[in-house]
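These notes are meant for a colleague who is opening the structure for the first time. Please keep the view at hand while going through the numbered points.

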Amino acid sequence: MTDEKYKELSLKEFTKAAEVYETDRAGVYKMCKKDYPDVLSELEREPFEDLLDCGCGTAPMLTLLHEKYPEKHLTGIDLTPKMIEVAKAKNMENVELVVGDCEDLPFEDCSFDAVICCQSFHHYPNVQKFFDSVQRVLRPGGRLILRDMTARTGAARWLMNNVEMPVINLAGHGDVHVYGKDEVRTLCRNAGLNMEIFEKRDFFRLHCVARRPVESRQVQLGDVEETALIPLCIKASESRRRAPRISDPKAVEIVSTLAIDTDKYDKYFSHEGVVARTVLIDETAGHLLEKYPDAAVINLGCGFDDRFSRLDNGSAHWYQVDLPDSIEVRKKLFAPHERQTLISADLSTDSWFEDIPKDRVTIVIAEGLLMYFTEAQVKTLLGQISENFPRGFLLAELMHPIAAKNDRMHDTVKHTNAHFTFGVKSGRELERYQPGWELIRETSFFTVMRRYSAVGKIGDTFMRKYMNRLAVYKFKR
Ligand SMILES: C[S@@+](CC[C@H](N)C(=O)[O-])C[C@H]1O[C@@H](n2cnc3c(N)ncnc32)[C@H](O)[C@@H]1O
């Protein structure tokens, strides 16, 4: 079928449906109402002034929005003149209604903070043109909220697209395609939008949020520095969940600002591991800070971590150490703070410790770091800590040698050019590198993961020793 034919069918279908669309005789279209509460609650998460509803129909969603936000500037566009005629008869102030094609939105660049589209884009034969057009009319940082049909499995979607759809077309409907996550991600990526949320929700619905990034350039980081994007994207996506286990508003803000392809950095096992690690280190460092409120906290390989905001006690000073290009990006993203010092240094060659006071308890955090070092570099680093800081604690994430050897099987690191080079079977091995060091605890991330899922419980029972863990060392000269 040609593109024109699809649109012709849609026009016919919705011209007929317009008069009854919001009545008890709406038939199958009554289902559309199921989308409105989720769109409203998604919109509530962030402020907006100008909103566009693509394929607005008779404007049921705009009516709800107009009641809730009478002062906002709302615009609706629809291909079917009869739909717009019915919508206009509602005489809503501040609501502009336009007949037009969503594949070529007739609005100025950067006109809207939010674009919503409910149960409409599966009617667009040139769907990429729609995404491109949305990217153009959105302001940098603005969001596209998409709701449409989908299926739980690829097989079910295949049946919908290849069996159900042709029958629907024969019956005179202009439906084109039912989309899955990968397809929507590709459409977003091609248009220069970051897909932030894609969920399959009740009633066979896809719920997607994509954003036009504030910065259109991709962040340029070295191979190891790039790995900092993995926990960043995971913490952002976890924070956006309806019941987040960790909250990191800064990660959400950064991911919204930068053009990052979040999907390759946010996979199930890495996600669960990063959540567990964050919970574990927050708890451990939090307890130490209660005991030593004036400590110097050294965050080695800090990346874009914002533990400082979660654990700040008003007195401890934090030293954020990372490679120069990470620190440059960090400087742009984090506001300066009197109790945070950024140190730009290569831990394996530079004297990163010189400007850090030596007269107090030191809490050193090495999260997602040592696995990228050689054994000799780990020994040197521990030696530098011992020589420069008289007493304190090291909170080190350790990896098992089998995991370190198989980095191309790691669900997210395999998408980067970084390689694991260091693993130990037990934290005792590091204790032996330095006299006066004591391993006081070694906790598998599964210990936390078992709180949240059956996978965590099974892993904790059978795979505990192969999982990354947090080793806590006490050191004293
Ligand atoms: C099922 S209705 C959904 C209406 C409304 N969004 C809602 O949720 O109730 C689909 C709407 O998409 C519109 N539509 C289909 N193709 C379109 C296109 N290329 N451009 C603009 N609107 C289109 C139809 O005219 C129809 O009003």
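**Notes on the model**

1. A search of the whole structure finds 48 salt bridges, a salt bridge being a side-chain nitrogen of Lys or Arg within 4 Å of a carboxyl oxygen of Asp or Glu. One of them joins Glu-46 to Arg-211, with the closest N and O atoms 2.8 Å apart. Because Glu-46 lies in the loop between α2 (36-44) and β1 (50-54) while Arg-211 belongs to strand β7 (residues 205-211), this pair ties together parts that are 165 residues apart in sequence. Helices (H or I, at least four residues) and strands (E, at least two) are DSSP runs, numbered from the N terminus.

2. On the basis of these notes: this is a predicted model, in which local features need pLDDT of at least 70 and side-chain atom pairs count only at pLDDT 80 or more, whereas totals for chains, interfaces and linings use all residues. Residues are numbered from 1 along each chain as its sequence is written, and side-chain values use heavy atoms, with hydrogens and water left out.

3. The chain is divided into domain 1 (3-211), domain 2 (223-265) and domain 3 (281-476), with bounds that come from an automatic or database domain assignment.

4. An open sheet of 7 strands runs in the order β3-β2-β1-β4-β5-β7-β6, with mixed pairing; two strands are taken to pair if DSSP finds at least two bridges between them. At the edges stand β3 (95-99) and β6, each with a single partner strand, so one side of each is left without a neighbour in the sheet. Direction ignored, neighbouring strands of this sheet are turned by 15° against each other on average, where axes are lines fitted to C-alpha atoms, for helices over the stretch in contact, and angles run from 0 to 180 degrees between N-to-C directions.

5. Within this sheet, β1 and strand β4 (residues 112-118) run parallel and are joined by 3 bridges, and Asp-53 stands opposite Ile-116 in β4. Helix α2 packs on the sheet and touches β1, β4, β5 (138-149), β6 and β7, its direction making about 160° with that of β5; contact here means heavy atoms within 4.5 Å. Helix α3 (residues 60-68) also packs on the sheet, where it touches β1, β2 (73-78), β3 and β4 and makes about 175° with the direction of β2.

6. How much area do domain 1 and domain 2 bury between them? The value is about 900 Å², 31% of it on carbon and sulfur atoms, buried area being the accessible area (1.4 Å probe) that two parts lose on being put together, summed over both. In domain 1, Arg-45, Asn-194 and Glu-196 lose the most area to domain 2, together 46% of what that side buries. The interface brings 11 residues of domain 1 into contact with 11 residues of domain 2, and the C-alpha centres of these two domains lie 27 Å apart.

7. Between domain 1 and domain 2 the count is 2 salt bridges. The side chains of Arg-240 and Glu-196 meet in a salt bridge (3.4 Å, N to O). On the side of domain 1 that touches domain 2, α7 (181-191) and β6 (194-201) each supply at least two residues, and the largest share, 6 residues, comes from β6.

8. A further open sheet of 7 strands has the order β10-β9-β8-β11-β12-β14-β13, again with mixed pairing, and its edge strands, β10 (340-344) and β13 (437-444), each pair on one side only. Strands β8 (residues 296-300) and β9 (residues 317-322) run parallel and are joined by 5 bridges; the bridge partner of Ile-298 in β9 is Tyr-319. Helix α13 (residues 324-333) packs on the sheet, touching β9 and β10, and its direction makes about 145° with that of β10.
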